[in-house]
Amino acid sequence: MRILVISSRYPSPKSHGDQSILFSHLQYLGERHKITLVTPDRAPSPQLAGTVAQLAQVRIIDVGRHSRALSAIGAVLRGQPAQVGWMMPSRTWRQAKAVARRADVALIITSRSIRSALPVPTVLNHVDALSFNMARRARGPEALPIRLFARFEAWRMRAWERRLARHLVAQLGTSREVADMLPQTPRAHILPPSYPHAVHDDPPGHERDIDLILTGDMRYPPN
């Protein structure tokens, strides 16, 4: 099967949650299918770029900050969240739609990586309900202008999630809490993050009181 994967950020096993989940998708799907990844983001290192190139054909449609800003303004004028325009610039999206004509199915990573309907069956992995994240950020400790913008984006993103649902064959989320916040049609399936490595055994005579540490970017208010 020819699978088109569209993501606003580059896959990485040791970065943000959506990047880590995307990397896991590529590892699993790449064993069985032909994957094309379209993204506006560049690899942070040649080593990672080499690893991802073994899993998928990568098309990076990079644009500058000026183009991203214009794309974000255009998105707002069209009734879309600003972050959709910034994270998935118009030029990148046009290239993704062109590639979609030769794909059997499309997998989108987060609702800010899709700008419109695609000509193939489309699955959206929300990872998180971004409308809820923005609403929570609007009540956070950041400066008032940021909180006001987050409130505006939360409203736009909730409407955007409902609008996107009409063009999807399936939705994915990382937890039942996320699934319950998403539009109920099509059904939101739960696909939690995984840890694909061996668990270390304790040395003889050693007892631990912590089995697992979960951490994240502490500059991100929801974390």
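Helices (H or I, at least four residues) and strands (E, at least two) are DSSP runs, numbered from the N terminus. With that settled, here is a walk through the model.

## About the model

This is a predicted model, in which local features need pLDDT of at least 70 and side-chain atom pairs count only at pLDDT 80 or more, while totals for chains, interfaces and linings use all residues. Residues are numbered from 1 along each chain as its sequence is written, and side-chain values use heavy atoms, with hydrogens and water left out.

Most residues other than glycine have a negative phi, and most peptide bonds are trans. Against that background, a few places deserve a look. Val-127 sits in the loop between strand 5 and helix 6 (130–138), and its phi is positive, near 60°. Its relative accessibility is 6%, so Val-127 counts as buried (buried means under 20% relative accessible area, exposed over 50%, partly exposed in between, with a 1.4 Å probe and protein chains only).

Thr-110 also has a positive phi, near 75°. This residue belongs to the loop between strand 4 (105–109) and strand 5 (122–125), and it is buried, with a relative accessible area of 3%. For a cis peptide bond, look at Thr-185 and Pro-186, where omega is about -5°. Pro-186 lies in the loop between helix 8 (176–181) and strand 7 (188–190).

## A buried histidine

Which residues does His-126 touch, not counting those up to four places away in sequence? Its contacts (heavy atoms within 4.5 Å) are Thr-110, Ser-111, Glu-161, Gln-171, Leu-172 and Leu-182. His-126 is in the loop between strand 5 and helix 6, and at 1% relative accessibility this histidine is buried.

## The two sides of helix 3

Helix 3 has 13 residues and spans 18 Å from its first C-alpha to its last, close to the expected 18 Å (the expected span is 1.5 Å times one less than the number of residues). Its buried residues are Arg-68, Ser-71, Ala-72, Gly-74 and Ala-75. They cover an arc of only 165° around the axis, so they lie on the same side of helix 3; the arc is that of the directions from the helix axis to the C-beta atoms. Helix 4 (82–87) and helix 5 (90–100) are included in what covers these buried residues.

On the other side of helix 3, His-66, Leu-70, Ile-73 and Leu-77 are exposed. Ile-73, for one, has 51% relative accessibility. Leu-70, Ile-73 and Leu-77 make up a nonpolar surface patch with about 350 Å² of accessible area together. Patches are made of residues with over 30% relative accessible area and no salt bridge, with like charges joined within 9 Å and nonpolar side chains (Val, Leu, Ile, Met, Phe, Trp, Tyr) within 5 Å; accessible areas come from the Shrake-Rupley method with a 1.4 Å probe, and for residues only the protein chains shown count as cover. After helix 3 comes Gly-79, with a positive phi near 85°.

## Salt bridges

How many salt bridges does the structure hold? There are six, a salt bridge being a side-chain nitrogen of Lys or Arg within 4 Å of a carboxyl oxygen of Asp or Glu. One of them joins Asp-104 and Arg-2 (3.1 Å, N to O). This pair links distant parts of the chain, 102 residues apart: Asp-104 in the loop between helix 5 and strand 4, and Arg-2 in strand 1 (residues 2–7).

Another pairs Arg-9 with Asp-18 at 2.8 Å, N to O. Arg-9 is buried at 18% relative accessibility, and Asp-18 is buried with a relative accessible area of 6%.
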